Amino acid sequence: NPYFFFKKPKTRKNPVFLTAQELNRLRQYEGVERIEKVRDIFLFQCLTGLSFIDMQHLKQEDVVEDFIVKKRVKTGESQMVPLLPEAKQILEKFKNDGKHCFPLISNQKMNSFLKELATIKNIPKPLTTHVGRHTFATLMLEKGLPLETLSHILGHSSTNTTKIYAKMLVSKIKGDLTRLNISSL
């Protein structure tokens, strides 16, 4: 078979992420309770960078002071995620006597509700649970968080995985050049 040793080259798509303005539009949604819950869970992902499966497995004992300390379900890599004040507020909203921090919902249902939310808030991007993780990564890099730190927060086994986010931030590069006042050498 002439195709036995052929391997299709890997192609990476540019991750979809929300801008700070789009994130603010989601925050302002008020309406149907089930959509509000999904919005809050999605915002939590945008504020922590947790994947959907890691968020679904999040337990109260994983929250230590101002951090989430746990191993990723997918890779087993340790991650230490800082809890921003808004993320803490969302955790408080869902606090109950149950084992998990958030109500269990399938990824398919969550994505379906997110699609509905994107339509309502006029966001022209395909909103999925993974967009929350991408949003966190890109916004943190824009704020100046070092790549190595972001890599650990996301639970990546290598910074090469995290570099995907750095490649697409033209605005970050322009901002850094302006901030450092570099116009010529």
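**Reading a predicted model: burial, salt bridges and helix packing**

Biologist: Why does Glu 116 count as partly exposed?

Modeller: In this predicted model, the relative accessibility of Glu 116 is 30%. Buried would need a value under 20%, and exposed one over 50%. Glu 116 is therefore placed in between, as partly exposed.

Biologist: What makes the pairing of Glu 116 with Arg 34 a salt bridge?

Modeller: The closest N and O atoms of Glu 116 and Arg 34 are 3.2 Å apart. The cut-off is 4 Å, so the pair qualifies as a salt bridge. It links distant parts of the chain: Glu 116 belongs to helix 5 (residues 107-120), Arg 34 to helix 2 (residues 33-48), and 82 residues separate them. Arg 34, at 36% relative accessibility, is partly exposed too.

Biologist: How do you know that Arg 27 and Glu 86 form a salt bridge?

Modeller: Their closest N and O atoms are 2.9 Å apart, and the limit is 4 Å. This pair also links distant parts of the chain, with Arg 27 in helix 1 (residues 20-27) and Glu 86 in helix 4 (residues 85-94), 59 residues apart. Arg 27 has 30% relative accessibility and Glu 86 has 24%. Both values lie between 20% and 50%, so Arg 27 and Glu 86 are partly exposed.

Biologist: How many salt bridges does the structure hold?

Modeller: There are ten. One of them joins Lys 95 to Glu 92, with the closest N and O atoms 3.8 Å apart.

Biologist: Which residues of helix 4 are buried?

Modeller: They are Ala 87, Ile 90, Leu 91 and Phe 94. These residues are on the same side of helix 4, because they cover an arc of only 100 degrees around the axis. They pack against helix 2 and strand 1 (63-64).

Biologist: Which exposed residues does the face of helix 4 turned away from its buried side carry?

Modeller: Pro 85, Gln 89, Glu 92 and Lys 93 are the exposed residues there.

Biologist: What is the handedness of the crossing in which helix 2 passes helix 6?

Modeller: That crossing is right-handed. The axes of helix 2 and helix 6 (residues 129-142) come within 6 Å, at an angle of roughly 30 degrees. On the helix 2 side the residues are Phe 42, Gln 45, Cys 46, Leu 47 and Thr 48, and they meet Thr 129, Val 131, Gly 132, Arg 133, Thr 135 and Phe 136 of helix 6. This contact has five nonpolar, five polar and one charged residues.

Biologist: Which residues are buried in helix 1?

Modeller: Glu 22, Leu 23 and Leu 26 are. Their directions fall within an arc of 100 degrees seen down the axis, so they line one face of helix 1. The cover over them includes helix 2, helix 5 and helix 6.

Biologist: Why is Ser 78 called partly exposed?

Modeller: Its relative accessible area is 41%. Ser 78 lies in strand 3 (residues 78-82). Beyond its neighbours within four places in sequence, Ser 78 is in contact with Lys 70, Lys 71, His 152 and Gly 155.

Biologist: How many helices and strands does the protein have?

Modeller: It has nine helices and three strands. Of its 185 residues, 39% are buried. Among contacts with a separation of 6 or more, 61% are between residues 24 or more positions apart. The C-alpha trace spans about 60 × 55 × 35 Å along its principal axes.

Key: Residues are numbered from 1 along each chain as its sequence is written. This is a predicted model: local features need pLDDT of at least 70, side-chain atom pairs count only at pLDDT 80 or more; totals for chains, interfaces and linings use all residues. Side-chain values use heavy atoms; hydrogens and water are left out. A salt bridge is a side-chain nitrogen of Lys or Arg within 4 Å of a carboxyl oxygen of Asp or Glu. Helices (H or I, at least four residues) and strands (E, at least two) are DSSP runs, numbered from the N terminus. Buried means under 20% relative accessible area, exposed over 50%, partly exposed in between (1.4 Å probe, protein chains only). Axes are lines fitted to C-alpha atoms, for helices over the stretch in contact, and angles run from 0 to 180 degrees between N-to-C directions. A crossing is left-handed if the near helix is turned anticlockwise from the far one by less than a right angle, and right-handed if clockwise. Contact means heavy atoms within 4.5 Å. Ala, Val, Leu, Ile, Met, Phe, Trp, Tyr, Cys and Pro count as nonpolar, Asp, Glu, Lys and Arg as charged, and the others, Gly among them, as polar. The arc is that of the directions from the helix axis to the C-beta atoms.
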